[in-house]
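User: Hi! Could you walk me through the strands in this one?

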Amino acid sequence: DNGIAPSTLSFNRQIPLTTPTNADSIIFRVTFSEPVRFVDTTDFIATGTSGSPTLVTSISTSVYDITITGGGLATFEGTVGLNFAPAIDIQDIATNLLPNVEPSIDETYMVDNTVPTVTVNQSTGQADPTSAIPVNFTVVFSEAINASTFTIGDITQTGTITSSLITWSIIDSGDHTTFTLSAIAVAGNNGTLSPLIDVNKVTDVAGNSNTVASFTDNEVTFNDNVSPTVTVNQAVGQVDPASTLPINFSVVFSEPIIASIFTIADITQSGTAQGIVWSITDSGNHMNFTLSATA
């Protein structure tokens, strides 16, 4: 017995390591200056919540993990810490009692169980209707989110333009709350752009998932004024010269077209052959076609 009482070095966050959190169970790691004994749940209290220490796990004779659960922690909003109880009986091997003094390193958790809400609307100054890109929308979350979880895959296009024809981009204003969502390319078609964010697509920094987006006006009418370009070339594998039919050409448009208006009457034969019978086959994407001389 050297007559020197043990001391408490730290109350550290252990599980999870980061804060804020929406965990229903949190663990603090308590480190003492030397081996101690008689460490149990009655030696500690939780602050900021009616939850309480429910488990003490010995990591070593001088390090213990204190688990706090219950007391509405699953719905709690606020700061949760760990303190010593008013009366403690922790002592070292030489029976020197531990002073009931909070350590200088005394970490806490910010517990957040509020789900973020989100709105999607036309950006201020966005023309409607428009034939120019980008077409901008403003996305506002009720709190800062984990920006890495907000991607273009979270966007649901509910307007009349096919979603696969739209290229989106997302720009964070910097506060992880307000974002600019832009349609930076629209591959043809007149119609409406109307983006939404469905439920459970994005999380806040505590891990809570969003509610479905609400809106006041999230629709912009887009009028395509860019003419498609087109190329006509021998199809891959087409022999030249040829003595067998069909003779195939590849027709490629720069964007999807209205396939029903592309007919054999649109074909001008500029070669020397005469009396040609043509056929047109759509690949299915309304951009790539096979033009064949069948007779």
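Here is a chat about how the strands pair up.

Analyst: Happy to! Keep in mind that this is a predicted model. Where shall we start?

User: With the sheet that has β7 in it. In what order do its strands come?

Analyst: The order is β4-β7-β10, three strands in an open sheet with antiparallel pairing.

User: And which strands are at the edges?

Analyst: Those are β4, residues 44-47, and β10, residues 109-111. Each of these edge strands pairs on one side only. From one strand to the next, the twist averages 30°.

User: How many bridges join β7 to β10?

Analyst: Three bridges, with the two strands running antiparallel; β7 covers residues 78-84. If you want a spot to look at, Thr-79 stands opposite Met-110 in β10.

User: Nice. Let's move on to β6. Is that strand mostly covered or mostly open?

Analyst: Mostly covered. Strand β6 spans residues 63-69, and six of its seven residues are buried. By buried I mean under 20% relative accessible area.

User: Which sense does its pairing with β5 take, parallel or antiparallel?

Analyst: Antiparallel, over seven bridges, with β5 running through residues 52-60. In that pairing, Pro-53 stands opposite Ile-68 in β6.

User: How about β2, how many bridges does it make with β6?

Analyst: Six bridges, again in the antiparallel sense; β2 is residues 26-32. There you'll find Val-30 opposite Tyr-64 of β6.

User: Thanks. Now for the sheet with β19, how many strands form it?

Analyst: Four, in the order β19-β20-β22-β21. This sheet is open and its pairing is antiparallel.

User: Which ones are the edge strands there?

Analyst: β19, at residues 230-234, and β21, at residues 278-282, each pairing on one side only. The twist in this sheet averages 25° from one strand to the next.

User: Over how many bridges do β21 and β22 pair?

Analyst: Five, in the antiparallel sense, and β22 takes in residues 288-293.

Terms used:
Residues numbered from 1 in each chain as written. Predicted model: local features only at pLDDT ≥ 70, side-chain atom pairs only at ≥ 80, totals over all residues. Heavy atoms only, no water. Pairing = 2+ DSSP bridges. Axes fitted to C-alpha atoms, helices over the stretch in contact; angles between N-to-C directions. Buried < 20%, exposed > 50% of the residue type's maximum accessible area, 1.4 Å probe, protein only.
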